[in-house]
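Reader: Could you show me how to read backbone angles and helix ends in a protein model?

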Amino acid sequence: MTSKKTLKIEQQFFADIRDLLRVGRETAYRSVNTVMVKTYWQIGKRIVEQEQQGKTRAEYGEYLIVNLSRYLTDCFGKGFSVANLWNFKQFYLIFSDFEQFSTQRVENLSWSHFRLIMRLDNEKERHYYIQEASSQNWSVRLLERNIKSGYYRRLLSSQSKPGMLENTQHPTEFIKDPYVLEFLDVPEDLTGKESVLEKSIISDLQKFLLELGKGFSFIARQMRVSTETSHFYVDLVFYNYLLKCFVIVDLKTEKLTHQDIGQMDMYVRMFDELKRGEGDNPTLGIILCSDKDEAMVKYSVLKESKQLFASKYKTILPTEKELISFIEQENRDMDLGK
């Protein structure tokens, strides 16, 4: 007994030391990242200041950076190519207010994060990705995926719908249109195959939760909701701790119909009555469909409801041109609907 107890104590001791090292290394890594990002910004600032002293700025700027690259390479080795120094300069020019950022906003972001964000033309979009990538601790790969899939622009496309949950954040801050599900690796045409879509989502639930957005936790699939006379099954059920409400998702692999809207309206009402707890806000219902007609949205309960949403899904990653075209078409359809 004594030896087993001693072994258990030692194993806990080893685990404690391991955790201390992990935390220490992660903290050191974040600190180094923060210092280096700020250093690159300062280098960019000095380059711009030095360029401004040249009479023929374009020629002098090119000469200056080429020679600086050679000098720094001699001093420190790789990492200071002409292209990198131009990036430092652009970093300063794009984020001239960088010194005003709080440490919290950049502590989780590496130079690789900022290089991706710098490519964006829209200032609000850049600041959105800085804030979200830092607060949600996005990896560089996830940030790149979200930029390519138009995460920010897809959120904006849903902002025109009215509705506010009392004392909470706006629900449309969490609803996208479309949802991009390229990670599921399923055929583009899933007509009549809701079960295939559902199974694929469950198999890759972590990525689906990331695509849903902030604050979502998975509750159940095919949750049974029963009345005195009937049983109904909701495809996917989530809870959002930021909105403080249940979010139920109905999967439709065909074009949205009035029956789909009516069914979701019933599910939401039933969930509010039978599952909603004390302190919970009203349940939100999202119909995830392959296509929808904005005229139908206009003349259905979707138009005025603060709890019902219909969004398309895409099973392939759209190009930037395709995404812009899709969102512009959605906005035109909405304007016609209004």
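Predicted model: local features only at pLDDT ≥ 70, side-chain atom pairs only at ≥ 80, totals over all residues.

Reader: Which peptide bond is cis?

Author: Most peptide bonds are trans, and most residues other than glycine have a negative phi. Here the bond from Asp-177 to Pro-178 is cis, with omega near 5°. Pro-178 sits in the loop between α8 (151-156) and β1 (179-180); helices (H or I, at least four residues) and strands (E, at least two) are DSSP runs, numbered from the N terminus.

Reader: What is the phi of Lys-244, and where is Lys-244 found?

Author: Its phi is near 60°, a positive value in a residue that is not glycine. Lys-244 belongs to the loop between β3 (231-240) and β4 (245-255). Its relative accessible area is 43%, so Lys-244 is partly exposed (buried means under 20%, exposed over 50%, partly exposed in between, with a 1.4 Å probe and protein chains only).

Reader: What caps the N-terminal end of α6?

Author: Asn-122 does, with a side-chain oxygen 2.9 Å from the backbone nitrogen of Lys-124. Several residues of α6 are buried, including Tyr-128 and Ile-130.

Reader: And what comes just after α6?

Author: Asn-137, with a positive phi of about 55°. Asn-137 counts as exposed because its relative accessibility is 53%.

Notes:
Residues numbered from 1 in each chain as written. Heavy atoms only, no water. Polar contact = N/O pair within 3.5 Å; in protein donor to acceptor, adjacent residues only side chain to side chain.
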